[in-house]
Amino acid sequence: MFQSFDTKTIVNTKFLFFTGKGGVGKTSTACAAAVTLADEDKKVLLVSTDPASNLQDVLEVDLTNTPKAIPNVHNLYACNLDPEEAARVYRDKIIGPYRGKLPEAIVANMEEQLSGACTVEIAAFDEFTNLLADPSVVEAYEHIIFDTAPTGHTLRLLQLPAAWSGFLEENTHGASCLGPISGLSEKKQMYSITMDALSDTRKTTLILVARPDKSSLHEANRASLELKEIGISNQALIINGLLQSHLPDDKISSSIYQGQRTAIKQMPKELKQVVTYSLPLVSYSLTGVENLRYLFKQYTMPAAQSEIQGKLISLPGLNEVINNFSDNNTRVIFTMGKGGVGKTTIASAIAVGLVEKGHRVHLTTTDPAAHLEFVFQKSELDDKLTISRINPIEVVETYKAEVLSKVSDELDEEAVAYIQEDLNSPCTEEIAVFRAFAEVVAQSQNEIVVIDTAPTGHTLLLLDAAQSFHNELARSTGEVPESVKLLLPRLRNPKETGVVIVTLAEATPVLEASRLQADLKRADILPKWWVINQSLYAAETRDPILKGRALAEENWIHKVTQELAEQCAIVPFMSEQHKGYEQLKNFIISNND
């Protein structure tokens with residue numbers, strides 16, 4: 001279908017950036033490429049700036065921010081830069097002068113505005129800029145590989161003149177999510193050199209990594225177009241985890257095989273123009289140097305895979321989650337997790353299960369691809385189940401217009417351009433969506449509300465801070481809406497609100513979900529349930545590749561149940577998509593068996 005990934009044909013620049021949504025295999029692919037290049041007698045530095053990186057797990061060696069030789073791989077060095085620590089140092093640098101001089105509530109608000117994902121990303125960019133600007137490092141290696149890449153939003157923000165002016169320090173219209181970047185003004189030239197290197201096709205290759213599924217490929221397409229717009233045009237695509245063959249009489253094997261091929265056929269047309277390679281779905285865990293070497297050489301390990309001897313881990317099904325919420329009369333339920341883990345399906349199944357228990361339920365989604373009107377036929381809905389959809393694009397545009405209408409007449413063109421780009425940050429979407437579903441909750445009388453997303457702890461603490469001293473929301477001159485004020489205390493009341501974290505039994509989804517939970521705990525919210533979704537370990541398949549993958553899930557299931565979750569349920573991989581009330585009801589029943 002596509003030619004197999006080969007470093008000899010794809011790697012012809014000094015810098016390689018791997019990018020893609022969480023769980024697509026960026027780190028394992030970057031590691032395999034680094035090991036292969038080192039085996040070809042190239043001196044290679046592998047760098048992670050990902051706050052959720054599992055680089056140490058993949059290479060099976062402890063790493064710091066100083067390059068370290070990797071045992072058993074001559075010429076390979078690696079380091080793990082910590083953008084969260086860099087963000088902490090950055091916060092202290094910016095906020096330190098104000099401690100003891102401003103009221104504690106204002107300082108706390110400043111700290112929270114500098115605690116979001118955007119601040120961590122700018123800190124990550126700063127970390128690898130330091131590395132790229134150091135000639136002693138750059139000249140010492142033939143290739144430098146990064147297992148993540150900056151987003152277009154961050155790069156555009158740093159290109160705007162207002163980012164380096166005094167505007168941010170003087171701005172009274174709400175602090176940027178990145179904080180006063182002018183605090184880093186001494187690095188303006190260094191950042192400019194980095195931007196030039198990123199857009200130089202002779203120096204840099206951007207490698208988009210995606211799974212062969214619709215959402216992952218669309219995310220790769222979005223990133224590709226966004227980065228091309230700012231000059232990063234030397235791109236390649238790796239479709240990772242492609243099932244090479246299948247057992248026609250095995251439902252799960254056939255479902256995955258056919259689903260992957262359908263997703264590839266329906267790839268966005270722009271992405272089809274990018275040079276594309278594939279890597280196989282393998283039965284073994286991509287940890288350890290030998291397994292990484294094997295990925296680019298053969299598709300199956302020579303040793304037979306172990307059989308799963310019975311189900312060693314016994315976990316309840318989704319019905320237990322529904323019973324718990326029903327018995328406790330939980331009124332607001334959020335499903336939360338990174339993209340592609342199945343939040344909307346789990347939210348829909350919980351809603352149907354609660355209706356079957358006799359409750360009136362309102363189900364709402366923020367997933368633009370969910371199309372709940374197609375999941376549920378109108379004839380299936382009565383007054384016990386109502387549905388709605390929050391369109392993130394629409395609510396964000398409304399929110400942006402509201403903010404810009406209050407500042408555009410008072411600021412110069414450069415300052416307005418900066419605010420416009422700042423409003424493209426992920427934190428803006430979180431706040432806009434939170435306001436929208438606060439309205440949904442406020443309007444739902446005598447109904448349980450089930451929502452297929454949840455605010456992060458950062459968003460809740462921003463809203464808390466804004467409310468505590470009647471200041472503006474991040475990037476906003478508007479007051480905190482009454483519906484938001486009413487919802488905030490309800491979210492912290494475990495008798496009223498339940499948060500369900502949805503994950504897959506794989507490294508990145510579990511690590512990212514654990515970070516989501518830690519962030520919620522900062523805001524005094526403890527998720528009631530974890531749901532491990534689409535588990536091959538809990539399913540029945542004879543496909544040897546999939547059986548190997550099932551075995552690899554066991555460690556992550558143990559981590560969730562023993563270290564992370566207060567209560568945990570598991571949902572087996574299903575060979576069919578469940579649409580419609582009756583199918584979702586049957587899904588709940590079958591999951592309980």
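**Strand S2 and its neighbours**

Reply: Happy to! S2 pairs with strand S7 (residues 204-210) through five bridges, in the parallel sense. (Strands are DSSP E runs of at least two residues, numbered from the N terminus, as helices are from H or I runs of at least four; pairing takes at least two DSSP bridges.) Within S7, leucine 208 stands opposite threonine 19. This is a predicted model, with pLDDT of at least 70 for local features and 80 or more for side-chain atom pairs, while totals for chains, interfaces and linings use all residues. Numbering starts from 1 along each chain as its sequence is written, and side-chain values use heavy atoms, without hydrogens or water.

S2 also pairs with strand S6 (residues 143-146), again running parallel, and three bridges join them. Here leucine 16 has isoleucine 145 of S6 as its bridge partner.

Because five of the five residues of S2 (residues 15-19) are buried, the strand is largely enclosed by the rest of the structure.

For context, the model also has an open sheet of seven strands with parallel pairing, ordered S12-S11-S13-S10-S14-S15-S16. Its edge strands, S12 (385-389) and S16 (568-572), each pair on one side only. In that sheet, S10 (residues 332-336) and S13 (residues 448-451) pair in the parallel sense over three bridges, and phenylalanine 334 has isoleucine 451 in S13 as its bridge partner.

Methods
Buried means under 20% relative accessible area, exposed over 50%, partly exposed in between (1.4 Å probe, protein chains only).
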